[in-house]
Amino acid sequence: MTEHEPHDRLYVLDRTDLQQLFDALRTRGYTVIAPQIENNVIIYGAVDRVEELPIGWTDVQAGGSYRLARRGDDALFGYTVGPHSWKRFLSPPLRMLWRARKTADGFEFIDDGSPPPRYALVGVRACELAAIQRLDDIYTRGAVIDDDYQARRGAAFIVAVNCGQAGATCFCASLGTGPSVGPGYDLALTELMEGEHRFVVAVGSERGAEVLAELPHRAASEGEIELAEAIVAQAASQMGRTLETAGLQELLYRNVEHPYWDAVAERCLTCGNCTLVCPTCFCFTIEDTTDLTGQIAERWRRTDSCFSTAFSFISSGSIRTSAKARYRQWLTHKLAGWQDQFGNIGCVGCGRCITWCPVGIDLTAEVAALRAEDVGQPPAEPILEMA
Amino acid sequence: MMQTALRTLQRPSTPVYGSSACKPYRCRVTRRVQENDDTFTVELTPVSARQHGAFTPGQFNMLYIFGLGEIPISISGDPADPDRLVHTTRAVGAVTRRMATLHEGDVIGVRGPFGTHWPLEDLKGKDIVIVAGGIGLAPLRPALYQLVANRGDYERVVLLYGARTPEDMLYRAELERWRARFDLEVYVTVDRATGDWHGNVGLVTALIPRAPFEPRNAAALLCGPEVMMRYAVQALQKRGVGAAQTWLSLERNMKCGMAMCGHCQFGPHIVCRDGPVFRMDRIQRFFGRWEV
């Protein structure tokens, strides 16, 4: 992804011409990935036609609850985010790293897995673009570069969408990650339903400009620009949740021994749903296998969750056996440790972990409760206990 | 704290790519020694002359058994002899139990070395106090080799070693040789005396109050069970060896060694990159905290 200064000019693309965007992307060799309905939720998957999008649908979200509902219009992007995030396309949940054959002097590598695909990601929300940039920090800015991720990411054409409404579990405004999309997109759309169904288009890269040039479009009028801005401002005013970020890192560090973690643990099932739906949770495990003959070995990389006891297993057993230790690890890493490691908060405010928690544990409420009971000073020296 | 983030965001001059960094190189087992009931040492030599095992004391490798799995094990050989990679481990899991059955000539995979090291270069002119418990002696042995090879650069060198029983001690012959040297102070203790043991009985931390070193000019290097290290830190502090003079090696689950898989998270630290060797004052806030 090459970033360019966003062009200050905005354009308009008619709804009836949106298929031409999909076609132009496909002609350029991209597999178009966009929102669609499957099993009564909006997920991301390959699409050919605009009609495959969740036309006229919206989502109603709450802690532990997600339902689809009719909007009463034909909006294409009239919902927020579902259980999928784009990480499944940029850092797939299961990927073969290599295959090797046993030889007389050990083993030799015979396969490096499949070449990375070229995706056009259509419908990337502001919080999701911020999440992708969090993944960039982890996979491409350390001493070792995940070249598979880098290739997928570099190839990915991003069509972002400004949110026209916020869900009840949304809090991107608290984290400064939305609802207006920041830099890093190729094209950004704002869907206008008033009058003619159309999109205000912002161009964020040269290749974005090249694609737009192939589509019927015109300059946006002052009125259309104002309408687009009002729509995003409306979403900003609808945030269902807030997260106070001031002093968040120290709050979590100094409350490491707080009894409040017990209260969370009473509800937490340690199912790991939050880590699966989180667009920034990046942990993986390595699995080594052989075929039945024992002659061919493979190494796979698979999504992992800090909510399993196996995650922290060492020779003496698991480091984090209790539910409270695992929830604390997840939340503290996301909101505090991440700041030490990458210079920003690991949460983008998408609200997925709240919606998809089977018991409705709410990160924003847990932090607020911890803040209300803040011990206010560093914990005492650890008590020494003999094993 | 921000310095950690800044270091992370610095781009390396020569990129290392995950697709190659996740592939082990082949090493042949050249020697295998049974240290005690469940602990053994393997010596490895790279199959290809292009590979070598250069490392600094305190670092670890990922050892791979074909198709079975891969585990992090500290390097316990001599850093001056990088073509002979030495690893001591206990047979406790699927991979180490298979490793226990390796024979000379067998080939396994190696990735590494990874992680930070004991900062011996920066400790010249100091009294070096090494406190090891059980198999914790393994990642400290390379430090001892380096200290002995450069003995004139350091003041007193003291090794305090505790094992469960005399039979559980690692590197017994080497311990005897070191103890016989006039320029090393070696004190050994066991939890439980068996056979004809006439030495110290008790915890290794009990040796700290009377060990011969000058606290103000000392640097302590610790490795062993976490609870042992917690008490050792306390005993050292009582003698005036502060957290900024104390280094310790942590064990955490590790899968990638590339600071990507997330398994070795420890507070703000990623142990495979920021550790396993930490200066105590940098982890004081989290070390010894329950289940961190």
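**Ground rules.** I number residues from 1 along each chain as its sequence is written, and I letter chains from A and number ligands from 1 in the order in which they are written. Since the model is predicted, I note that local features need pLDDT of at least 70 and that side-chain atom pairs count only at pLDDT 80 or more, while totals for chains, interfaces and linings use all residues.

**Where the chains meet.** I looked up the contact between the chains and found 52 residues from chain A and 49 residues from chain B, two residues being in contact if their C-beta atoms, placed from the backbone, lie within 7 Å. The side of chain A that touches chain B is made up of 27 nonpolar, 14 polar and 11 charged residues; here Ala, Val, Leu, Ile, Met, Phe, Trp, Tyr, Cys and Pro count as nonpolar, Asp, Glu, Lys and Arg as charged, and the others, Gly among them, as polar. I also found strand β9 (residues 144-145) of chain A running parallel to strand β1 (residues 16-17) of chain B, with 2 bridges joining them. Helices (H or I, at least four residues) and strands (E, at least two) are DSSP runs, numbered from the N terminus, and two strands pair if DSSP finds at least two bridges between them. In this pairing A:V144 stands opposite B:V16.

**Helix α6 of chain A.** In α6 (residues 206-213) I found A:G208, A:V211 and A:L212 buried. Their directions from the axis of α6(A) fall within an arc of 100°, so these buried residues line one face of the helix. On the other side of α6(A), A:E206 and A:A213 are exposed. The cover over the buried residues of α6(A) includes β1 (10-14), α1 (18-27), β11 (187-192) and β12 (198-203) of chain A.

**Domains of chain A.** The domain assignment, automatic or from a database, divides chain A into domain 1 (6-237) and domain 2 (248-307 + 314-372). The C-alpha centres of these two domains of chain A lie 25 Å apart, and 39 residues of domain 1 are in contact with 31 residues of domain 2. On the side of domain 1 of chain A that touches domain 2, β5 (65-70), β6, α3 and α5 (172-175) each supply at least two residues, and the largest share, 9 residues, comes from β6(A). That side of domain 1 has 20 nonpolar, 11 polar and 8 charged residues.

**Domains of chain B.** For chain B the assignment gives domain 1 (23-114) and domain 2 (120-249), and their C-alpha centres lie 24 Å apart. I found 14 residues of domain 1 of chain B in contact with 14 residues of domain 2 of chain B. The side of domain 1 of chain B that touches domain 2 divides into 4 nonpolar, 7 polar and 3 charged residues.

**Strand β2 of chain B.** I traced β2 (residues 25-34) of chain B to β7 (residues 107-114), which runs antiparallel to it with 4 bridges, and in β7(B) the bridge partner of B:C27 is B:I108. B:Q34 stands opposite B:F40 in β3(B).

**Backbone details.** Most residues other than glycine have a negative phi, and most peptide bonds are trans. I noted a cis peptide bond between A:G178 and A:P179, with omega about 5°, and A:P179 lies in the loop between α5 and β11 of chain A. Phi of A:N40 is near 65°, a positive value, and A:N40 is exposed, with 8 other C-beta atoms within 10 Å.

Conventions:
Buried ≥ 20, exposed ≤ 12 C-beta atoms within 10 Å, placed from the backbone. Arc of directions from axis to C-beta.
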